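Here are some notes to read alongside the model.

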Amino acid sequence: MSTVVKNQLRVCLLSVKYNIMREMLNKVTFLTNIIFMMLNNAAFLIQWAILFRLKEDIGGYTLREVMLLWALSASSYGLAHLLFARAFSLSDLIINGKLDSYLVQPKNVLLGIITSSTSTSSIGDLLYGLVILCVFCFSFRNLVLFLLFTITGATILTSYALFMGSLSFWFVRADLFGNNLVNGMINFSTYPDGIFKGVVKFILYLIIPTGMSIYLPIHLMQDFHWGQLFLLLGFMTLLLAIAVFSFYRGLKRYTSSNLMGART
């Protein structure tokens, strides 16, 4: 069993590698996408710098903590889209019957799908997060925790996108509903959780899990507790299991479109 798992993971890593190599064929475009994504993210530094000149803290966050929030949000988003970009367009594959070519491949269907595409600009997001961490709050402890929470954040984001995408197996136009929630999760992750109260905060921790992917890790980096770390890891594992179960349960309902196509 362990050999099978290793082989499947090796194939998926090779798929990601070749996706990146294919994008690097045009080096100018490849580097431009990365650089402009970093510049796009950096533009928001001006917005927050101006806001903190007017007010000392926003939602209990200082400028340093907001920068850490942006760093973790960008890196989690970047890692998820670098490795598992296709998870964010799963609905399109289901609705248009484009899963056929993946079903005949010898590798794991789910891993084969979500690793079949990559976003080069996401490398800029990943690097931007690391740069911000180094500039505003670098320490060995913060670096270790940041890398850990980048992985957990990317896993939660990908799992949520996978679950929402899998709804298209059951519901017509579920892609609109799912895409809005996934985009909402990404957008909310760039604002301090202290500005949200009551029902909204409950939604951001359980319905749209921005709280578990970004807010809780930020609090852990400020004040670490093992219990909260295990809570985060447990939530991540549960959401991943639900997403995988939903995909394979829905796959049984999948109807081919009889499209002629092949993947190499």
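1. Ground rules. This is a predicted model, where local features need pLDDT of at least 70, side-chain atom pairs count only at pLDDT 80 or more, and totals for chains, interfaces and linings use all residues. Residues are numbered from 1 along each chain as its sequence is written, and side-chain values use heavy atoms, leaving out hydrogens and water.

2. The largest pocket. Its volume is about 540 Å³. A pocket here is an open set of points on a 1 Å grid over the protein atoms alone, where a 1.4 Å probe fits, with protein on both sides within 12 Å along at least five of seven lines. Volume is the space filled by probe spheres set on the points. The lining (residues with an atom within 4 Å of a point) has 21 residues, and F84, L111, I114, T155 and L240 lie nearest the centre.

3. Who builds that lining? Helix 1 (2-23), helix 3 (63-83), helix 6 (109-114), helix 8 (140-166) and helix 12 (226-251) each supply at least two residues. Helix 8 gives the most, with 6 residues. Helices are DSSP runs (H or I, at least four residues), numbered from the N terminus. By class, the lining splits into 16 nonpolar, 5 polar and no charged residues. Nonpolar covers Ala, Val, Leu, Ile, Met, Phe, Trp, Tyr, Cys and Pro, charged covers Asp, Glu, Lys and Arg, and the others, Gly among them, are polar.

4. The second largest pocket. This one holds about 370 Å³ of space. There are 19 lining residues, with S73, Y77, I186, S189 and T190 nearest its centre. Helix 3 gives the most, with 5 residues; helix 2 (27-54), helix 8, helix 9 (174-188) and helix 11 (210-222) are among those supplying at least two.

5. Helix 11 with helix 12. Their axes (lines fitted to C-alpha atoms over the stretch in contact, with angles from 0 to 180 degrees between N-to-C directions) come within 10 Å and cross at roughly 165°. That makes helix 11 roughly antiparallel to helix 12, a label for angles over 145 degrees. M212, L216, P217 and L220 of helix 11 meet Q228, L229, L231, L232 and F235 of helix 12, contact being heavy atoms within 4.5 Å. The tally is 8 nonpolar, 1 polar and no charged residues.

6. Helix 8 with helix 11. Here the axes are 9 Å apart, at an angle of about 165°. So helix 8 is roughly antiparallel to helix 11. On the helix 8 side the contact includes R141, N142, L145 and F146, and on the helix 11 side M212, S213 and P217 are among the partners. This contact has 8 nonpolar, 3 polar and 1 charged residues.

Conventions: Angles under 35 degrees count as roughly parallel, over 145 as roughly antiparallel, 65 to 115 as roughly perpendicular and the rest as oblique.
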